[in-house]
Structures are given as structure tokens and as C-alpha cells.
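Please keep the structure open while I talk.

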Amino acid sequence: MPTRRTHRKSRHGCKACKHRRVKCDEARPVCSNCSQREELCEYVTEASYIWAEEEAPARRTRRRKTPAQTENHASPSDAPFQLLDRFGGPGASSSSPSLDMTQLRLLVNWQHETCQFYSRDTETRIVWQINLVDEALKTPPLMHGILAVSALHLALSDQSDPALWLEIATAHKGQALHALQKGLRNVTEDNARSMMGLSALVVAYAFGSALTDTGVSDGDRPSLNSLNNVFILCRGVQQITDAAFSFLRQSNFAPLFAPGNPYLAMPDYVKASLDRLDRLNTEYLHAEDHDAATYTRAIEGLRGLSGHAFTQPNSMTLAAGWAIRVPPEYLQYLQANEPLALVVHAHYCAFLHLARGNCFLQYWGRFVLQDIRRLLDESWEGYISWPIAEVFGEGYGEPVSTGSLIGDD
């Protein structure tokens, strides 16, 4: 009696082989039978490809592989990952997507490093690090602004190839600035966050670009005149804030409008110097054409932000915040080189110097204060004794009487 040949049952065979009642070798994703017949090979079993890739029976008849079989058969270790090819559907593209690694590096640099220059606490850091980027994913011009400032940051701090980063920063800045100029004419609730974010980015860019070694004329380098131009630029941020203030206060940008209590960190000698400005403004109250109200707003704005210079010395909070908030009349007095405006501005320079660790500010305070000292008469030196000591390390001078100054005018 002939010995019956043992064989292994096909428990996970494909539909086509089961329908024809032939043995299926269960090769995945296409069995040998379907490959030879060029038929659609489908499996009913839910078994994992890892477990279905079992060793073939020892006495399986060897067949010569067709090109289709050679292409479709994979090693057991590759079989699980062939599932991924089926997720894309029959019309999925086989072309490989490209990654712009430079832009990815800039975005990572923004979220890990650059955004810290804008932040004064945890809440505001979330705005700049996360909320602003979320908004930028919906608003390409804002993303260009983020990439421009991040690239400028690398140009100012990365010594390997600053010219390359500056070129990239300039290209992205052009895209962002065009959108900002258009958006300022029509600020709405829909674009308020992106417009405000863009404006704040442009302010930092204006400060930082003046510090680069290439592409900057002498007239645009840190000086009193170039700082006046930055202040004019900052007025655009105030326009946006005024136009959509109620909405911004209710949005996820709200922490930017809650400065907290900065007075706790302000040293007594700084309070005393700012108090001296108040007394000087009061003494001029009855002088001809003296706009005491404008100077009061400017001094109070500086006082309200000054504590941030000590709690977060490298933040743009005071540098950009006060530039945004100062009354336009103050800028007019500053451009006319009015002595009291120059004295107030000298205090601002001291705060800029405290933030010199910020790569976008660096030596701005020193250069502008030098210009102010050249413009002021020596009799005013006593009123800027703290700024002089803070920036140049010189000793305090005794304040002169305000009465003699008014008489000299």
C-alpha cells in the first residue's frame, strides 16, 4: 500500500486559490499562483504579515520566479512594512516629497532660541513660541516674518556663515513686509493677530539689521537718527493694537497686554532717576509751549515697563514696548532735539544697554547715548547721571537746579 504523502494545509490562502480549490503558498502580498495568472490576490485572514510569513513546506515544488514574483516577494523582515504601500490607495503618488531643511532649522531655532528675546514670562513665551507659530501655519506672510527674524538671529550669532543667513533673512523679510504694508490698511479681527505679530517681528528686524556687517549704510547703523526711524516703524504696531484691541485682549495673544507689576524689581536708584524726570517735567509746566501731558505719558510708559529690564534683561519687552507706546508728539520733540525729550531718551538708552545680551540690541544704547550727550548742553548732564553711569561706568553727577535751565532758555 503506497504511503500517503503528508502535506500542510493552507489555512491562510488567498480568495482566488480557495475559489479554484488549489493549494496556495500564502506568499504575501501576492501568492505564486496569482502572480503567474496575473490575477488580483486578496486574503481574507486577519493574521499579521509577520505571522503569515511562515516557512514554505520542505517538499514544495521549486518554480522559476517570474519578474513579477521577484518584484513582489519580500524578505520576512520587510513584509510588515509593505502594508504602508497599500494605505496610500491606488492613486497614491510614488514621488518622494522634499524637505526644506533650512526652513525647518529656522523654525526650530525660533521656537528654541529666538522667541526668548520676545518673552518676559512663561505666559508670553507660550504666545511667541506656540500661538504665533500656529497662526503662521495659516498665514504664510507671518511665517516668512518668523523665518526672517530667526535667520537674522543666526546671522548675528552664528560665526560660521553670517552672510548666508543674512541673505536668507533678507529674502523672507521682503515677503513679510509686503503683506504687512497691505494689511495695515485694513486691520480686522481675522488678521489682527498675524498683523500684530508681523509688526513686532519687523521691529526686532529693524534693530538687528542695523548691527550687521554687510548691506547697511552708515546712516542706518545705531544712532539717534536711526533709532527715531525705528520708533516711527513701531507706530504701525500701535495702529494695529488700537484697531483691534478688544479682540486681541480676548484672544490667545492676551498675555502680551498684561505686563503685571514690574515695579517690584526696579532698584531704588532707577526709581529716583525717573522721579527726577517727573520733577523736571513739573518745573517746566508753566514754561511757554511746554507739552507736559505728552512728557507725562512718555515717562509713565517708561516707568511702567522698566521693571522688565531687571526681571528679563534680554527681552525685547521694554525696547519695543516703549517704542510702540510713546505718543507721536514725543517723537516730534525728539526729532527737533528738544532737551527734555533727549533727557527722557537717555534713560531709554540705559534700559537698552541693560538688554545688550539680546542679539538684536547689543550696543544700541551706548551709540545713541553718545549722540545725545553731544547734543545736550553740559548743564543737563546732572539729569542723565544714571544713564551715563549705567552705560559708560562714569560716576553720578549732582542734579542741577531746574530754575537755571529754564532761565537759560
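Let me begin with glutamate 135 and arginine 193, both of which are buried, where buried means under 20% relative accessible area, exposed means over 50%, and partly exposed lies in between, with a 1.4 Å probe and protein chains only. These two residues form a salt bridge, with their closest N and O atoms 3.6 Å apart; the term requires a side-chain nitrogen of Lys or Arg within 4 Å of a carboxyl oxygen of Asp or Glu. Glutamate 135 belongs to helix 7 (residues 122-136) and arginine 193 to helix 10, so the pair ties together parts that are 58 residues apart in sequence.

Before going further, a word on the source: this is a predicted model, in which local features need pLDDT of at least 70 and side-chain atom pairs count only at pLDDT 80 or more, while totals for chains, interfaces and linings use all residues. Residues are numbered from 1 along each chain as its sequence is written, and side-chain values use heavy atoms, with hydrogens and water left out.

Aspartate 275 is partly exposed at 31% relative accessible area, whereas arginine 303 is buried at 10%.

Returning to helix 10 (residues 192-209), its 18 residues reach 25 Å from first C-alpha to last, close to the 26 Å expected at 1.5 Å a residue, that expectation being 1.5 Å times one less than the number of residues. Of those 18 residues, 17 are buried. Helices here are DSSP runs of H or I with at least four residues, strands are runs of E with at least two, and both are numbered from the N terminus; by that count the chain has 21 helices and zero strands.

Finally, confidence: pLDDT is the predictor's confidence in each residue, from 0 to 100, and the chain has a mean of 80, with 77% of its residues at 70 or more. Over residues 46-62 the pLDDT stays under 50, and the model has 18 contacts there beyond four places in sequence, a contact being heavy atoms within 4.5 Å. Where pLDDT is low, the predicted coordinates should not be read in detail.
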